[in-house]
Amino acid sequence: MPIKLFSLLLCFLSLTMAIGQKTDTLLVSHKNPVETFPKKLPELMGVINDFENDFSVEETKELTQLIKTDEFQNGHQLLLVTINSIAPNKNFGVYATKLLKQWKYKNSNGILILFSATLHKVWIAPTEEAQEELPQETLQQIIDKTMIPEFKKGNNFEGIKAGLLALMENWKN
């Protein structure tokens, strides 16, 4: 009997704590949709932010070196984020743009690639300055013709690497 009473008390306390918690969100408007974003977005860890754990240590080093070399040679700011959920948000592109604005990485000439193997989605979010040099149709072609064919084969690393290389090739200096 004491175990049942203890279990019942524990369930009651858990339920009370869950009901009492507030959800910290703010509304952000991005052209058409209104999205709800958690106030606390993931913290920037570097140029590679593999929250989904898609890449091995060696792959992460290779991608980091590729991005850092391009940054040194051309001044481009590239960020890669992998994530398994954007909940409670619904729009992947708006979430990518929010991350890019939140992090304000070094300068205004940057691009964030948001990728989720779990959600089967990828988005390239450029800053306004970068979008002047890489229009949306070019970014969409890189996704459709370079990245997605590799993702469909299960080659997430190769898809991301090929996408980064295509971005670097198309990005004017």
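Me: Which residues of helix 5 are buried, and what makes them so called?
Reply: Buried means under 20% relative accessible area, exposed over 50%, and partly exposed in between, with a 1.4 Å probe and protein chains only. In helix 5, T138, L139, I142, I143, M147, E150 and F151 are buried, so each falls under that 20% limit. The model is predicted: local features need pLDDT of at least 70 and side-chain atom pairs 80 or more, while totals for chains, interfaces and linings use all residues. Residues are numbered from 1 along each chain as its sequence is written, and side-chain values use heavy atoms, without hydrogens and water.

Me: What covers its buried residues?
Reply: The cover includes strand 5 (110-116), strand 6 (121-126) and helix 6 (156-170).

Me: Where does helix 5 bend?
Reply: Helix 5 bends by about 30 degrees at T146, and P149 follows within four residues. The bend is the angle between axes fitted to the seven residues ending there and the seven starting there.

Me: What does M147 touch?
Reply: Contact means heavy atoms within 4.5 Å. Leaving aside residues up to four places away in sequence, M147 touches I113, V122, I124, I142, G159, I160 and G163.

Terms used. Helix = DSSP H or I, 4+ residues; strand = E, 2+ residues; numbered from the N terminus.
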